[in-house]
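Please read the following note alongside the sequence and the coordinates.

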Amino acid sequence: MFNKDKILKLANKDFEKAWITTKELIRKTTVNKKYPRIKPIYGKTNPVMDTIEQLRQAYLRMGFEEYLNPVIVDEKDVYKQFGPEAMAVLDRCYYLAGLPRPDVGLSNDKIEQIKKLKLNILINDETIENLRKTLHLYKKGVLEGDDLVYEIANSLNASNEVGLKILEEVFPEFKDLKAEALPLTLRSHMTSGWFITIGELVGKKQTPYNLFSIDRCFRREQKEDKSHLRTYHSASCVLVGENVTIDDGKVVAEGLLSQFGFTDFQFRPDEKKSKYYTPDTQTEVYAYHPKLKEWLEVATFGIYSPIALSKYDIDVPVMNLGLGVERLAMINYNYDDVRKMVYPQFYEYKLSDRDIAYSIKVDKLPVLDELNQLTEELINLCIENKNKKSPCEVSIEKEIKFNKTTKKIKITLIEKEENKNLLGPSILNKIYVYNGNIYGIPETFDNVKEEYVGELKEAKEKGVSTELTYIETICYKITSKIEEALVSNNGELKIRIPIVRSLSDINLKIEDLALKQIMGDNKIIDVRGPVFLNIIIEIK
């Protein structure tokens, strides 16, 4: 914590000096806690859910009320709505099924089987009658299946484990049950729900009114592909009232889709001519999207057939418009395969350059604060003297406290060969990530082969920098080695790094997920470069 009084006193005396010196009060973080090796943590939404919410708000802005339509639809409603087309529509529907209630009695043989199990329970006339009543209630549908084990145990004053044992061993009829189809389907068209909903609102809600619903539909597709799923979301609306016409569909289509960036609209007759629509009203909506620069089919609308409406006691026109949420989301989020957008977990996941940069960490780091400070001093020493001509040497000395003793550390950089620089030209190379590749890029390209210059310049301009230089990460390795020497009581170290060929040579590591992607995509890690570092460390 800051000493506020001391700071204010110093500021009143000499503001400029106080402003400069208080910089030291801000604690420096460790190298692996610096950006971009840290990144914000936030949730990520699915494009379909985002599009649903955007559609909800678009409908609400246009004055529609939100309703939830039935998901389970009796097949008789499909016949009422689709007429002669019903069989073809039902071919695309999923039928629901249920297990029949077995005719299970409690014969003398069953009672004997229970006794033979030797479950240490009381079997008498009372408990047998209780069990018989339980089985009867289940057969009649009064007792639910998920309560059966509990009630069997309860009727015999036994534990749930005993009830389950009896069900498994004595009543094998339950194991042999096969599901039987019911006349109930999962909604394949939102239309099926609208007829039921509007029919129920007759006499309850004053016309005209506008409703919308965004929910799942289910289609029995032969297979899923890049544009078809077996379950999808329909964003559907209805206008109900005496004066509703086909032109209302055009207005709603434009009002809805213009909120998603579409501009020009074309309305084309739909050749499918579904029987639940009035003849010559079924219309496809094509809209031009400036971003994609093409016309896209995005919605369909029409006026419900008076024949189908009359079967639900509806005596006013109804305009229905629907669009597939996933189709709109694919356009908005630039996906070419609906499966990859909806179910990304089943497809290859790609780390961004930013993600890869985050995954690159300094491997060896000292723990002691004094050694971290020594690292910074060593980095500066190397940079200041990198071009010093050989034969030469420079050194740095520091005393640190370790295990209640004071240790004197001397680090000497040395180059004995004549007419060389103290350090190689790659010490200031910086690590970049670009297009899934990792590069070590120099400050200038003077000594880089011409065929590599263009690639490295582009990576430097467009890639993600880790802000890590070779000399920085190497110096952390050196001070980490010093810390190990202090622990093992080693008095001298020699470290030599001539040519860098891999990340480990410059004390870097990369997380497995990023490395797996780089290798799998045949990307490169090119950090080659001459460092020519020779160091002698003395500890006394």
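1. Basis of the model. This is a predicted model, in which local features need pLDDT of at least 70, side-chain atom pairs count only at pLDDT 80 or more, and totals for chains, interfaces and linings use all residues. Residues are numbered from 1 along each chain as its sequence is written, and side-chain values use heavy atoms, with hydrogens and water left out.

2. Two strands count as paired if DSSP finds at least two bridges between them.

3. Strand β4 (residues 180–186) is joined to β3 by 3 bridges and runs antiparallel to β3. Glycine 98 stands opposite glutamate 180 in β4.

4. The four-stranded sheet. A further open sheet has 4 strands in the order β16-β14-β15-β19, and its pairing is mixed. Because β16 (464–469) and β19 (525–526) each have a single partner strand, one side of each is left without a neighbour in the sheet. Strands β14 (residues 430–434) and β15 (residues 437–441) pair in the antiparallel sense over 5 bridges, and tyrosine 434 stands opposite asparagine 437 in β15.

5. Helices on the four-stranded sheet. Helix α17 (residues 450–462) packs on the sheet and touches β14, β15 and β16, its direction making about 100° with that of β15. Helix α18 (residues 470–488) lies across β14, β15 and β16 and runs at about 50° to β16.

6. Alanine 514. This residue lies in helix α19 (residues 512–520). Is alanine 514 buried or exposed? Alanine 514 is buried, because its relative accessible area is 1%; buried means under 20%, exposed over 50% and partly exposed in between (1.4 Å probe, protein chains only). Alanine 514 touches Leu351, Ile356 and Ser359, not counting residues up to four places away in sequence, where contact means heavy atoms within 4.5 Å. The C-alpha atoms of alanine 514 and aspartate 355 are separated by 8.0 Å, although the two residues are 159 residues apart along the chain.

7. Glutamate 370. Helix α16 (residues 369–385) contains glutamate 370, which is partly exposed with a relative accessible area of 29%. Leaving aside residues up to four places away in sequence, glutamate 370 touches Lys398, Glu399, Ile400 and Lys401. Glutamate 370 and threonine 479 are 109 residues apart in sequence and 10.0 Å apart in space, C-alpha to C-alpha.

8. Serine 274. The loop between β7 (265–269) and β8 (283–289) holds serine 274, which counts as buried at 15% relative accessibility. Serine 274 touches Glu85 and Gln282, not counting residues up to four places away in sequence.

9. Leucine 25. This residue lies in the loop between α2 (15–21) and α3 (47–61). Leucine 25 counts as partly exposed, because its relative accessibility is 44%.

Definitions and conventions
Helix = DSSP H or I, 4+ residues; strand = E, 2+ residues; numbered from the N terminus. Axes fitted to C-alpha atoms, helices over the stretch in contact; angles between N-to-C directions.
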